[in-house]
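I opened the file to look up a few helices, sheets and contact surfaces. My notes follow in the order I took them.

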Amino acid sequence: MSLLLSEFTNGLVLTSYYALVACGLVLIFGVVGIVNFAHGDFVMLGGYLFYEFYIVLGEPYLAALVLATLAEGALALLMYVLVVRRLVSREWYAPLIGTLALSVLLESVAQAIWSAAPRSVATPAVFHVIRLGTAGTVNEQEIYVFVGTALCLLTLWAVLGRSKWGKAMRAVAQNREACAVNGINVSAVALGAFVAAAALCALAAALVLPLQLISPTAGDAITTQAFVVVILGGMGSIRGAVVASFIVGMVTALSAAYMSSAYTDAFGYGVMILMLLFRPVGLFGDASLRGWTGL
Amino acid sequence: MRTWNCLRRRGPVTAIAAALVVLSVSGLTTLTASATQAKSTSTGTSKAPIVLGLSGAFNGSNGYVGNYAQQGLTLGMAQLNARGGVYGHKLTLRMASDNCDPGTAPSAAKKLISDNVTVIFGPNCSGATLVEMPLAKAAKTPLLESESTNAKITAESGVGGNPYTWRINASDSVIAKYCSTFIASKKTKSVSVIAENDEYGRGAAQFYSTDLPANGVKVLGTQYETPGQADYDPILSKIQAENAQAIVFVGEAEDLATLIEQMHAAGLAIPLYTRGALETEIFGELGKNVDLANGVFGCDYSFYGTDPSFDALYLKNYHTVAPEPSVSYYNLLQVMVQAMTLAGGVTSADVEAGLRKIDVKYSWGIAKFDSHNQAQSNVYITVAKNGVIHLLKEYLAA
């Protein structure tokens with residue numbers, strides 16, 4: 001029982017991580033209209049920005065989290081204006097190749113600036129262990145992850161569902177041409193979505209990476225997992241991304257405990273393949289809209 | 001054709017992006033690593049330079065190791081070139097990135113072979129070494145090893161196997177024997193093993209599975225991790241549930257730092273014995289939490305401070321403590337040069353002939369090769385304390 005509860009906690013941390021990152025991926029796919037293969041590298045970049053503010057400059061944790069998020073947003077704005085905006089209207093392969101190239105570029109730049117050696121961004125909360133009797137342990141940073149993710153997702157839900165900006169994003173996701181005709185600045189909305197997605201990545205990095213180490217290749221694994229989650233949940237569904245994050249996070253944690261850690265990734269991919277075989281649009285995708293539910 | 005015409009019409013951005021991806025997929029890193037070869041210190045001597053090849057990890061999660069290897073070789077080459085080289089031939093270096101990956105390593109080896117290198121200083125990763133060995137054999141180019149520890153390398157080298165692969169460091173079969181003895185001496189009754197999910201990790205884990213029980217220590221299970229893995233919590237929860245008294249970790253320094261942090265974050269306060277990962281780099285990776293590594297044990301074929309002159313040279317040039325790969329490849333270069341001196345020549349065949357005859361003591365052991373081209377290496381048991389690695393015990397090569 002103790003092992004099950006411990007792995008459930010581990011699975012929740014993974015769920016939170018995947019949910020934040022995957023929601024950003026869904027936003028970019030839905031509103032901007034591209035598949036962003038550099039998405040995991042946005043997390044990596046957010047991690048290094050957090051490292052600079054928290055470790056190098058010595059800012060308090062919350063301030064470093066906010067500053068890293070703002071800095072990442074600013075960099076994302078720059079990336080969108082200089083690179084992504086020009087790719088959006090091209091043939092389908094242009095954004096694909098462009099974001100792959102952006103990924104290589106970001107990793108190379110990170111390695112040049114911070115070297116290939118990993119670095120710790122641990123906060124004191126990581127080592128403040130709370131024993132839950134026979135149910136195992138949890139540390140304070142993990143509690144920050146759960147609370148922070150819940151707040152982020154609630155905020156995202158509120159913005160998308162109730163704000164003017166959110167409605168514009170959903171409208172653009174459903175029909176860009178109709179929005180343009182009706183006077184919605186599609187490009188500005190897409191820019192907003194791109195920046196918001198990058199900000200989610202920075203938040204994910206600042207919450208979760210204190211539990212790990214940051215390195216230039218830290219984005220590779222999370223990119224792959226984010227795609228697994230998005231495909232499982234449905235390419236255009238935020239709700240699907242959250243639910244799928246839970247499934248993938250739990251499968252990852254429980255398979256390492258009860259089967260073999262050597263094949264942890266395989267179980268996640270196996271679930272994805274089963275989904276593609278039996279319901280290609282994903283759990284919450286809309287078959288009539290080819291998987292797209294408009295967020 | 002229409003597709004390529006479309007690309008050309010779309011402007012430079014897409015073309016550049018496409019080119020970047022094509023180049024990266026086709027081994028840009030290999031080309032780039034070779035293009036950033038160390039500058040030759042040759043100053044116009046009439047004798048052709050000796051071209052050395054380094055297959056190293058310059059990218060990926062092990063990307064720092066190749067750079068350390070290059071530093072060690074470069075310092076050694078500069079020393080030799082300052083004295084006129086070897087038989088008047090200056091030394092130059094070509095590099096290729098194997099990414100510590102068996103999939104990429106053949107490209108690295110082929111690149112070096114096509115550069116007509118006299119010797120390949122082999123990968124630091126066992127999986128990469130094993131796939132480069134047949135290529136070196138086919139090209140009749142000596143492949144010298146001072147890092148990879150998989151026992152198969154010895155088994156497949158020398159008599160009845162690959163005569164062109166030579167290894168100076170101990171294999172995991174030897175290290176595991178001494179490490180298991182040490183673990184048992186600490187009154188440990190049960191361990192869990194965490195190993196890299198590759199040739200190196202799996203190869204070493206099999207010896208701990210037999211050597212530990214032979215010393216009265218039960219192995220509760222072996223968990224596998226991916227190099228660069230970010231999250232050990234599921235594995236650590238399982239180990240906590242198994243009530244293991246200690247953990248044996250077979251992996252790299254970067255993964256050790258993550259494991260140490262997450263053990264503390266999980267409240268798992270049991271001894272940690274590491275194979276190959278306790279290196280000074282982890283202190284840099286742990287940053288201000290360097291004390292987390294206090295009490296972590298290391299079992300390895302290398303130890304700092306055994307070559308003060310190289311340590312001083314490295315400190316002077318790079319202003320930091322010499323990392324293990326730098327010392328390792330520096331040692332390997334000295335062994336190669338000694339072989340050339342014995343053979344009286346600087347060709348690949350001379351290196352082979354010299355290595356068959358060599359019998360010289362160096363800082364980490366004795367460079368004298370047995371019938372499987374394996375030299376005898378010391379084994380060191382170390383412990384980390386306050387950001388420094390201390391020597392606890394050493395098993396000297398006979």
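**Entry 1: helix α11(B)**

I started with α11(B), where 12 of the 13 residues are buried, so this helix is largely enclosed by the rest of the structure. I count a residue as buried if 20 or more other C-beta atoms lie within 10 Å of its own, exposed if 12 or fewer, and partly exposed in between, with C-beta atoms placed from the backbone. Helices (H or I, at least four residues) and strands (E, at least two) are DSSP runs, numbered from the N terminus.

This is a predicted model: local features need pLDDT of at least 70, side-chain atom pairs count only at pLDDT 80 or more, and totals for chains, interfaces and linings use all residues. Residues are numbered from 1 along each chain as its sequence is written, while chains are lettered from A and ligands numbered from 1 in the order in which they are written.

I listed the buried residues of α11(B); among them are the charged-type names B:Glu254, B:Asp255 and B:Glu261. The list also includes B:Leu256, B:Leu259, B:Ile260 and B:Met263.

I checked the length next. The 13 residues of α11 (residues 253-265) of chain B should span 18 Å at 1.5 Å a residue, and the end C-alpha atoms are 18 Å apart, which agrees. The expected span is 1.5 Å times one less than the number of residues. Just after α11(B), I found B:Gly267 with a positive phi of about 70 degrees.

**Entry 2: helix α8(A)**

I repeated the check on chain A. Helix α8 (residues 186-208) of chain A has 23 residues, which should span 33 Å at 1.5 Å a residue; its end C-alpha atoms are 33 Å apart, in agreement. In α8(A), 18 of the 23 residues are buried, so the rest of the structure largely encloses this helix.

**Entry 3: the sheet of seven strands**

I traced an open sheet of seven strands in chain B, in the order β7-β6-β8-β9-β10-β14-β15, with mixed pairing. Two strands pair if DSSP finds at least two bridges between them. The edge strands are β7 (218-225) and β15 of chain B, each pairing on one side only. Neighbouring strands of this sheet are turned by 20 degrees against each other on average, direction ignored.

Strands β14 (residues 379-385) and β15 (residues 388-395) of chain B pair in the antiparallel sense over seven bridges. I noted B:Ile389 in β15(B) as the bridge partner of B:Ala384. The hairpin of these strands has two residues between them, and B:Asn386 there takes a positive phi near 50 degrees.

Helix α10 (residues 233-242) of chain B lies across β6 (190-196), β7 and β8 (246-250) of chain B, and runs at about 170 degrees to β7(B). Axes are lines fitted to C-alpha atoms, for helices over the stretch in contact, and angles run from 0 to 180 degrees between N-to-C directions. Two residues are in contact if their C-beta atoms, placed from the backbone, lie within 7 Å.

**Entry 4: the sheet of five strands**

I then followed an open sheet of five strands in chain B, ordered β2-β1-β3-β4-β5, with parallel pairing. Its edge strands are β2 (91-97) and β5 (165-167) of chain B. Strands β3 (residues 119-121) and β4 (residues 143-145) of chain B pair over two bridges, and B:Ile120 stands opposite B:Leu143 in β4(B). Helix α6(B) packs on the sheet, touching β1, β3, β4 and β5 of chain B, and its direction makes about 150 degrees with that of β4(B).

**Entry 5: domains and chains**

The domain assignment, automatic or from a database, gives chain B domain 1 (31-170 + 306-377) and domain 2 (172-300). The contact takes 14 residues from domain 1 of chain B and 17 residues from domain 2 of chain B.

Which element gives the most to the domain 1 side? I found α6(B), with three residues.

Between the chains, 43 residues of chain A are in contact with 41 residues of chain B. The largest share of the chain A side, seven residues, comes from α4(A).
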